[in-house]
Amino acid sequence: MTVKPSTGPPARQPRWGGSPQAPFDSADSPSGLGFAQGRLKPTGHLIAFEGLDQSGKQTQAERLLAAFRAGGHRAEFLTFPEYKTAIGTEIGHALQGERDYAPDTLQLLYIANRFEFRPRISSWLDEGTMVVCDRYLASSIAYGEAQGVDPHWLSAIQRHLPQPSLTLLLDIPPDASLHRKKVARDKFERDLSLLGRVRESYVRQAKEGVRWVHLDGQQDKDAVSAAVLSAVRSQLGLL
Ligand SMILES: Nc1ncnc2c1ncn2[C@@H]1O[C@H](COP(=O)(O)OP(=O)(O)OP(=O)(O)O)[C@@H](O)[C@H]1O
Ligand SMILES: [Mg+2]
């Protein structure tokens with residue numbers, strides 16, 4: 001496991017890429033001075049799992065969700081893309097080859113799909129809930145960059161989404177992804193050289209990003225789970 005030192009801001013601020021969020025509920029303060037008479041708010045965190053298809057994101061996200069709940073935390077699980085919405089349905093059509101979107105347009109759809117959940121995620125975080133995501137912001141950067149879309153642009157247009165406190169890369173090589181799933185591949189899942197570039201983007205993001213942890217997704221499931229818990233403990237002081 002490679003744990004990147006936390007050189008960035010504390011995990012919960014800024015959540016919006018703007019000014020740091022006040023840790024106190026200033027609305028409670030009749031003085032208007034913010035925290036003096038305010039009460040401490042609970043701290044929610046968004047934890048994102050990233051990696052190639054079949055890297056174990058859902059397996060590990062569900063285990064982390066269970067660990068949070070067993071530890072007395074409120075916790076919710078989201079998976080992206082969420083195909084149930086209108087935008088998600090359109091993404092499904094594109095993945096099945098029924099649409100021919102340019103790579104930038106396709107990423108705008110994936111990003112819009114996340115924006116559909118922004119109010120829900122924000123209110124969960126505000127009430128102190130742990131939000132565990134199977135894919136999030138970095139997926140658009142990785143898959144978009146692998147198709148020639150500017151990663152800085154992809155990052156900039158997602159800055160008003162709630163930002164993750166921690167992103168866990170479950171790193172597996174493309175051939176391991178292919179071995180774990182032999183049927184029902186969508187058009188991205190079949191393209192080995194694209195998957196190689198997706199992996200490179202993920203590795204770069206994990207190296208350069210704040211609060212990323214790069215995990216070896218080829219270990220057995222229990223070893224990966226232990227590494228996930230260790231990362232959550234060391235980076236967020238939870239569990
Ligand atoms: N560490 C592991 N070692 C071996 N097999 C694993 C490991 N983790 C998960 N798997 C298996 O790989 C398959 C894919 O796992 P999972 O659905 O969690 O991955 P995913 O990243 O969510 O995949 P997708 O992106 O395709 O939805 C499952 O059959 C799962 O049991
Ligand atoms: Mg999955």
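This note goes through a predicted model of a protein chain with a ligand, point by point.

1. Confidence. The mean pLDDT of the protein chain is 87, and 81% of the residues reach at least 70. Among the elements, strand β2 (residues 46–50) has the highest mean, 99, while strand β1 (residues 2–3) has the lowest, 56. Over residues 5–37 the pLDDT falls below 50, yet this stretch has 53 contacts in the model beyond near neighbours in sequence. Where pLDDT is low, predicted coordinates should not be read in detail. The contacts of residues 5–37 belong to a stretch with pLDDT below 50.

2. Ligand 1. The shell around ligand 1 holds 15 residues. Asp-53, Gly-56, Lys-57, Gln-58 and Thr-59 are the closest. Two elements, α1 (57–70) and α9 (221–236), each supply two or more residues to this shell. The largest contribution is that of α1, with 3 residues. By class, the shell has 7 charged, 7 polar and 1 nonpolar.

3. Gln-54. This residue sits in the loop between β2 and α1. The phi of Gln-54 is near 70 degrees, which is positive in a residue other than glycine. Is Gln-54 buried or partly exposed? Gln-54 counts as partly exposed because it has 19 C-beta neighbours inside 10 Å, and 20 or more would be needed for buried.

4. Arg-211. Arg-211 is placed in the loop between α8 (192–208) and β6 (212–216). Arg-211 has 23 C-beta neighbours inside 10 Å and therefore counts as buried.

5. The cis peptide. The bond that joins Phe-80 and Pro-81 is cis, with omega about 0 degrees. Pro-81 belongs to the loop between β3 (75–79) and α2.

6. Helices α2 and α3. The axes of α2 (residues 86–95) and α3 (residues 103–115) come within 9 Å and cross at roughly 145 degrees. This crossing of α2 and α3 is left-handed. From α2, the residues involved in the contact are Ile-87, Gly-88, Glu-90, Ile-91 and Ala-94. They meet Leu-106, Leu-109, Tyr-110, Ala-112 and Asn-113 of α3. The composition of the α2 and α3 contact is 7 nonpolar, 2 polar and 1 charged.

7. Leu-154. Helix α6 (residues 151–156) contains Leu-154. With 24 C-beta neighbours inside 10 Å, Leu-154 is over the threshold of 20 and so counts as buried. Leaving out residues up to four places away in sequence, Leu-154 touches Gln-107, Ser-140, Ile-141, Gly-144 and Val-149.

8. Ser-122. Helix α4 (residues 118–126) carries Ser-122. Ser-122 has 17 C-beta neighbours inside 10 Å, so the residue counts as partly exposed. From Ser-122 to Leu-161 the C-alpha to C-alpha distance is 8.8 Å, and the pair is 39 residues apart in sequence.

Notes. Residues numbered from 1 in each chain as written. Chains lettered and ligands numbered in written order. Predicted model: local features only at pLDDT ≥ 70, side-chain atom pairs only at ≥ 80, totals over all residues. pLDDT = per-residue confidence, 0-100. Helix = DSSP H or I, 4+ residues; strand = E, 2+ residues; numbered from the N terminus. Contact = placed C-beta atoms within 7 Å. Buried ≥ 20, exposed ≤ 12 C-beta atoms within 10 Å, placed from the backbone. Near = placed C-beta within 6 Å. Nonpolar A, V, L, I, M, F, W, Y, C, P; charged D, E, K, R; others polar. Axes fitted to C-alpha atoms, helices over the stretch in contact; angles between N-to-C directions. Left-handed = near helix turned anticlockwise from the far one by under 90°.
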